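Subject: Handover of a structure

Hello,

I am passing this structure on to you. Please open it first, then read the notes below.

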Amino acid sequence: MNKFLKRMFIYSLAVLLLLAILMYAESRYFNFLPNDYSRHKTIVETIKNKYLSPEILVFGDSKAMFGVNAKTISNNLINTPIAFNLSSPAQSVSEGSYFFSKLPASTKHIIHCIDYSEFSYGILGLDKQVALSMRFYGFEVDPYMEEYLDTLNPVFFESNIKILYEARNMLRTAFHNEIRKVIDNEPLNESLFHDIYFPHTYTLSRHPNYPNYSVEFDYDKMKISNEKINFLLKIDKFLQKRGIKYHLIIMPINPDLYQLNNEAHNSNMTKIKELIPKIDVVDLTGFLNNQDFYDGFHPNKNGAEKLSKEISKRLN
Amino acid sequence: MLFNSFEFVYFFVAFFILYWFVTNKDLKLQNLLLLVAGYIFYAWSDWRFLSYLIGISALNYFLGIYIEKTLNPKHKQWLLYVGLVQGIGGLAFFKYFNFFITSFKDAFHLIGINLNTLTLNIALPLGISFFTFRTISYVLDVHNEKIKATKNWVVFFTYVSFFPSILSGPIDRAKNLIPQLENKRELDYHKGIDGFFLIIWGLFKKLVIADNCGVITNVVFKNYLELPSSTLILNSFLYTIQLYADFSGYSDMAIGISRLMGFSISKNFDFPFFAQNIAEFWRKWHISLTNWLTDYVFTPLSIAFRDYGSWGLTAAIIFNFTIIGIWHGANWTYVLFGFLHGCYFIPLILTGNLNKKKKLAKDELLPSFREFFNMLGTFTLFMISLIIFRSESISNAIEYLNRIFSPSILSIPKFRGEENTTAIISLFFIAIFFIVEWKYRFNDFVFNGISKRGLSIQIVNILFIVLALYFFSGSMKSYIYFNF
């Protein structure tokens, strides 16, 4: 028995030593290995950078990454104010709002690009992997967020060891990024991925397997979520206190994927505008035609130009 | 409570300390601790059926005693029937009630009669197939005077609820486990270390291989209509490996944990993918179930049919394997799976190769071309049967198999998004897994005898497994055979 226990003790020491080395290495390689969440580093660094003075910030998911050119917005406005696009893949409304308490003092407008279906969802909590990456890239929560977020992701309060253990899958996503370069029909353009003006990552105007997506959500039958409306109202109130105008851009839907019923859609839009009268809601669901889309969801460069010009018209 | 959970680690550490340092001097107390631990373990997984487990333990305990005590052969027989009816009846009710009702209804529907039948929302007690077979084999062995009935209720109840193997086997026999419960146990250093390595190897198989394969196979089996043939073939391969790694991984952990408690329980797998034919495969796959059915179903049947020569043997085998299929669950796909395996034996019976045994690549590093071809053929037969096994219905299975034979068989297999990465990781570790299994193919287990090797070799192996577990554990949770 003693011999067995001694041997088990030695094994435990060896394993603990290995884990300590791995966790130490993780905290280093996280910063330089490409992974699915590395865009958060760009966003966090941009917001923290005291030498940048943007007036307009764009948030949203990959539709906004592909569909909004911040430079086009800027060039079409009087005085060409500085505008940045800080959208990222799968960035929810909730995720974008985490950055709102840390906006540069120069910020005057937030352009929040959302899918029409967002109005039917409650508040989606911050994804764990996203929260981990934000924390690794230096993002910290603050009490101001509690003015509009009921609960903050617990990842921001956990111990460093637990965080390092949870973040071990980052190596896998880095590997995945390398694999994608070989097998994707159209490989990701990494330099554009970190761009703060127009982070579109495609090079063609049409995906080789267009539309490459199908829609499972029934827009015509959706019900407006009160929880989401209240959340948007809280965000708007918070931003207003800081003299920032909040614009909700409802992004275009590809007509090849879904044809909105005008009656149902108009009824929903009327209801939404009644519920959030102080928020500038810009309905662009039917703004683009199918030629303006790269795939089923994302606008191509042509679509992005049109969208960005339209957004700047609304800001003028 | 899963073996690969932190709850189990805390549970087992506390149990281990109490077992070897507090109760080790008193066998009765130690067995009582084992019994209580078994009930805690079972209740943690599913408390609703703890009373059922205790109830059938009590019933079979008394049945065993009275079967042995009774001198009247007719009374002995009736007591045996009570045990069999209770066991098979319990299984039939919990596992197959709705299946029988629905099949009955469908059969009448085929001839134009619509029946209004009642189906019940029946929850399946975890591990029922495994502990029921234990109790059935006990009463049969006592009746046939192969073992003596135990008068120690703690020993018997512990035998039924032995926690390392209650949920997914191996299905240990009373003649193996009860004597170990009735005698003092020691923690032998070599057994302990080998047991520990079995546990971590089992964890590797479950978390790195099975769970990663499962991420892909779950998606592909739902969307097979949209995918090319080459992807479906690769998916079938991954599912075959997933099932083996998941089930044998659990078995390895169960055996390893038992060794840490001083028990030797029967092994459940003997490197089945190196089998040269289907008969050999079933001598190496889910050994405890195959042996159980061989002893209590196949042997009596083959004796009953001995006058019919090869036909009688064929009928006995097909019946036996159909039962194996049905044992897995209430779906016609399982029935067909078993029946198909029975049919696989027919060429072996007709050519007289049923019991041929030959040591694979005995003095060679690699198999010969013929041996490799035989292994590949056996693997392919099993893989095809698993498509049926995994499908939701027979029509889905036929559709899946049809889609394999299409021009897209020549395309490069491709999955969606991160599944491609998962597939590559899985294939890499599957290659390592096969190399390790091949190295240990003449041993009882992988890492058998590693306790006699140097410390540095032991540590290198542990660190490699920990590295793989740390970075590449998949995200599945439960074990496939918990569903049976």
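Pro170(B) sits in the loop that joins helix 6 and helix 7 of chain B; helices here are DSSP runs of H or I with at least four residues, strands are runs of E with at least two, and both are numbered from the N terminus. The peptide bond leading from Gly169(B) into Pro170(B) is cis, and its omega is near 5 degrees. Another loop of chain B, between helix 10 (278-284) and helix 11 (287-304), holds His286(B). The phi angle of His286(B) is near 45 degrees, which is positive although the residue is not glycine.

Before the rest, some notes on the source. This is a predicted model, in which local features need pLDDT of at least 70 and side-chain atom pairs count only at pLDDT 80 or more, while totals for chains, interfaces and linings use all residues. Residues are numbered from 1 along each chain as its sequence is written, and chains are lettered from A and ligands numbered from 1 in the order in which they are written.

Confidence

The model has an ipTM of 0.84 and a pTM of 0.83. For chain B the average pLDDT is 89, and 95% of the residues score at least 70; pLDDT is the predictor's confidence in each residue, from 0 to 100. Among the elements of chain B, the lowest mean pLDDT, 84, belongs to helix 4, and the highest, 95, to helix 6 (residues 153-160).

Domains

Domain bounds come from an automatic or database domain assignment. In chain A this gives domain 1 (1-26) and domain 2 (31-315), with 44 Å between their C-alpha centres. In chain B it gives domain 1 (6-185) and domain 2 (190-276 + 358-483), and the C-alpha centres of these two are 29 Å apart.

Within chain B, 14 residues of domain 1 are in contact with 15 residues of domain 2; contact means that the C-beta atoms, placed from the backbone, lie within 7 Å. On the domain 1 side, helix 1 (6-22) and helix 7 (174-182) of chain B are the elements that give two or more residues. Helix 7 of chain B gives the most, with three residues. By class, this side of domain 1 of chain B has seven nonpolar, five polar and two charged residues. Ala, Val, Leu, Ile, Met, Phe, Trp, Tyr, Cys and Pro count as nonpolar, Asp, Glu, Lys and Arg as charged, and the others, Gly among them, as polar.

Helix packing in chain B

Helix 3 (residues 50-69) of chain B packs against helix 4 (residues 73-110) of chain B at an angle of about 160 degrees, with the axes 9 Å apart. Axes are lines fitted to C-alpha atoms, for helices over the stretch in contact, and angles run from 0 to 180 degrees between N-to-C directions. That angle makes helix 3 of chain B roughly antiparallel to helix 4 of chain B. Angles under 35 degrees count as roughly parallel, over 145 as roughly antiparallel, 65 to 115 as roughly perpendicular and the rest as oblique. From helix 3 of chain B, residues including Ile56(B), Leu59(B) and Tyr66(B) meet residues of helix 4 of chain B, among them Leu79(B), Val82(B) and Gly90(B). The contact of these two helices has eight nonpolar, four polar and one charged residues.

Helix 3 of chain B also packs with helix 5 (residues 128-143) of chain B: their axes come within 9 Å and cross at roughly 10 degrees. The two helices are therefore roughly parallel to each other. Residues in this contact include Leu53(B) and Gly64(B) of helix 3 of chain B, and Phe131(B) and Tyr138(B) of helix 5 of chain B.

Between the chains

The contact takes 17 residues from chain A and 17 residues from chain B. On the chain A side, helix 1 (2-29) and helix 8 (170-183) each supply at least two residues, and helix 1 of chain A has the largest share, nine residues. The chain A side divides into twelve nonpolar, one polar and four charged residues.

Helix 8 of chain A and helix 17 (residues 418-439) of chain B pack at about 105 degrees, with their axes 9 Å apart. That makes helix 8 of chain A roughly perpendicular to helix 17 of chain B. Arg172(A), Phe175(A), His176(A), Ile179(A) and Ile183(A) of helix 8 of chain A meet Glu418(B), Asn420(B), Thr421(B) and Ile424(B) of helix 17 of chain B.

Regards

Technical notes
Two residues are in contact if their C-beta atoms, placed from the backbone, lie within 7 Å.
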